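Work through the following exercises with the sequence and the model side by side. Each one sets a task and then gives a solution in steps.

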Amino acid sequence: MKTRQRAIATLGLAAVLGALTVACEGGEGGNYTSEAPSEQAPMKVSPEAASLPETQSDAENLPGTKFAPQAQQSQSLDRLQGLRPDPEASNRETYSTIPENPFLNASSNPLSTFSIDVDAASYSNMRRFINEGQLPPPDAVRVEELINYFTYDYPQPKADQPFSITTEVAEAPWNPKHKLVHIGLQGKSISTENLPPSNLVFLLDVSGSMSDANKLPLLKEAFRLLVDQLRDEDKVSIVVYAGAAGTVLPPTPGNQKDTILAAIDKLDAGGSTAGGQGIKLAYKLAQDNFIESGNNRVILATDGDFNVGISSDEQLVNLIEEKREQDIFLTVLGFGTGNLQDAKMEKIANKGNGNYAYIDNILEANKVLVNEIGGTLLTIAKDMKIQVGFNPEKVQGYRLIGYENRRLQNEAFQDDKKDAGELGAGHSVTALYEIIPVGVKSDVSLSDVDIVDSQQKTDESMTFSGNELMQVKLRYKQPDQDTSQLITAPVVDQGLTLVQASNNFKFSASVAEFGMVLRESQYKGNGNLDHVLQLASQSQGADLDGYRAEFIRLVKRAKSL
């Protein structure tokens, strides 16, 4: 009998060891499922199973599986599959499909128009994946958000302007035959004590899906940081939503910090998600306590799940668009893993004249809610649109790097009814164009038709002189006005080599190259992680906050995956 028991025990131990071996060999990755592009159709991703909730909605089961091996690496397909999350894991993260901007023929497509974007959620979300030992799904990587995570050494604007414009042209690092054009906007910095009074409504998700340590507990720590920044003239309300929505803190002056913090400390997670009800209640409180010439804003903090009440993107967008016309703006903060509705959160933030950030740790919370508090809470220019006109005598073809879901039809540039991006106090915005000079023989094919604006027309008022490659035009509105103002800046090619380029240029280029490698872009040319590291290290600069050093560490970690 004892022999038989020992044999059974031995077999049981062998089974456990075998399971552990399989788990170890499987790595920390898994598979991605995606849906064919269809009006921003979402892509589902299954992140690391160890950090996921145990339940899964069966409402979203998208067909198809694709593997995305890291570019420029020599791992086998089996090894790369090991970096992807378990397809059986409970997970409902969604990302909008992002078809890359192509190279366009400058003669037939002389104009390029897009809305600015100061969101940076994609960067911190990408960081979360890499820190967990995974490559992010390609559609989770929005290259413009990676670039705009960082601040650059741009000059402050002149007294009568809300922002300054900086441009630079040099060799494209991943394709030296091409040129890279760097466009930088710098919003006017405003010290916290000079900010107008704020009427803030914290709309906090306390549903059952928020119980993980990196969700509600982190959310509470983050909002404690924000409460510390409040002044006597500010006021805060708190609305929570789970199975139902309710007010847990009526409008309270900012100097009553103990009262505000006590309301936050009492929050617990549980129930389903009445997100639609919560948003309605939060906007009502914001409207009832509206401050003329103040900052009236709803700050939504959630993992993005809205499965009770208003749940469709269209219904949410309609409500949020209605409220932005009443000068109540929206900031969206994403938390946690396994349930992140990135596509929906980005969309509603864009429509709410606000910004979207992903909080993966307390340091990121400090960056968004303390270091960048002015830009997060105060809009200094709204409906900002950029239109670039290319000189066909100098430019053969061009490509806007990133901003795929911010592209606009050219006629929208002069249409003041067309919504566009917002710039916060102290925020900077960076955009990059890769261009093919006239006379250069490139292996890149040029498209004669812009899928965003197939009826391109030349801007008859645009004339070029000297070495002008292009002209940058910007339209923006004051936050409380409905008529736009126009600024125009020429872009001249000074013939700079990459070595001669500024740190602004080289570091933004290294981040763009990293994004293209992660996305496995067909336009990455000679781009690879070794080159990203070299370029970023050369241009790290003063880096007082350490964000650039962290980027370099992330690239090194990505190389090891």
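This is a predicted model: local features need pLDDT of at least 70, side-chain atom pairs count only at pLDDT 80 or more; totals for chains, interfaces and linings use all residues.

Residues are numbered from 1 along each chain as its sequence is written, and side-chain values use heavy atoms, with hydrogens and water left out.

**Exercise 1. Strand β9**

Determine how many residues of strand β9 are buried, and which strands are joined to β9 by bridges.

Step 1. Helices (H or I, at least four residues) and strands (E, at least two) are taken as DSSP runs and numbered from the N terminus. Buried means under 20% relative accessible area, exposed over 50%, and partly exposed in between, with a 1.4 Å probe and protein chains only. By this rule, 8 of the 8 residues of β9, which spans residues 198-205, are buried.

Step 2. In a regular strand the side chains alternate between the two faces of the sheet.

Step 3. Two strands pair if DSSP finds at least two bridges between them. Strand β9 runs parallel to β12 (residues 295-302), to which 7 bridges join it, and Ser198 has Asn295 as its bridge partner there. Strand β9 also runs parallel to β10 (residues 235-241), again with 7 bridges, and here Phe202 is partnered by Ile238. Between β9 and β10 the chain passes through helix α5 (residues 216-228) in a right-handed β-α-β crossover, where right-handed means that, with the strands pointing away from the viewer, the path from the first strand over the helix to the second runs clockwise.

**Exercise 2. Salt bridges**

Find out which residue forms a salt bridge with Arg142, and whether the two partners are buried or exposed.

Step 1. A salt bridge is a side-chain nitrogen of Lys or Arg within 4 Å of a carboxyl oxygen of Asp or Glu, and the count by this rule comes to 25.

Step 2. The partner of Arg142 is Glu346, with the closest N and O atoms 3.4 Å apart. This pair links distant parts of the chain, since Arg142 lies in the loop between α3 and α4 and Glu346 in helix α9 (residues 342-351), 204 residues apart.

Step 3. Arg142 counts as buried at 3% relative accessibility, and Glu346 is likewise buried, with a relative accessible area of 3%.

Step 4. For a further case, Asp139 and Arg519 meet in a salt bridge of 3.6 Å, N to O, and they lie 380 residues apart. Asp139 is buried at 5% relative accessibility, and Arg519 is buried at 11%.

**Exercise 3. Cavities**

State the volume of the largest cavity and describe its lining by class.

Step 1. On a 1 Å grid over the protein atoms alone, a cavity is a set of points where a 1.4 Å probe fits but cannot get out, and lining residues have an atom within 4 Å of a point. Grid points are joined across faces, edges and corners, and a volume is the space filled by probe spheres set on the points.

Step 2. There are 5 cavities of 30 Å³ or more, and the largest has a volume of about 80 Å³.

Step 3. Its lining includes Ser198, Arg231 and Asp234, and by class it has 5 nonpolar, 3 polar and 2 charged residues. Here Ala, Val, Leu, Ile, Met, Phe, Trp, Tyr, Cys and Pro count as nonpolar, Asp, Glu, Lys and Arg as charged, and the others, Gly among them, as polar.

Terms used
On a 1 Å grid over the protein atoms alone, a cavity is a set of points where a 1.4 Å probe fits but cannot get out, and a pocket is an open set with protein on both sides within 12 Å along at least five of seven lines; lining residues have an atom within 4 Å of a point.
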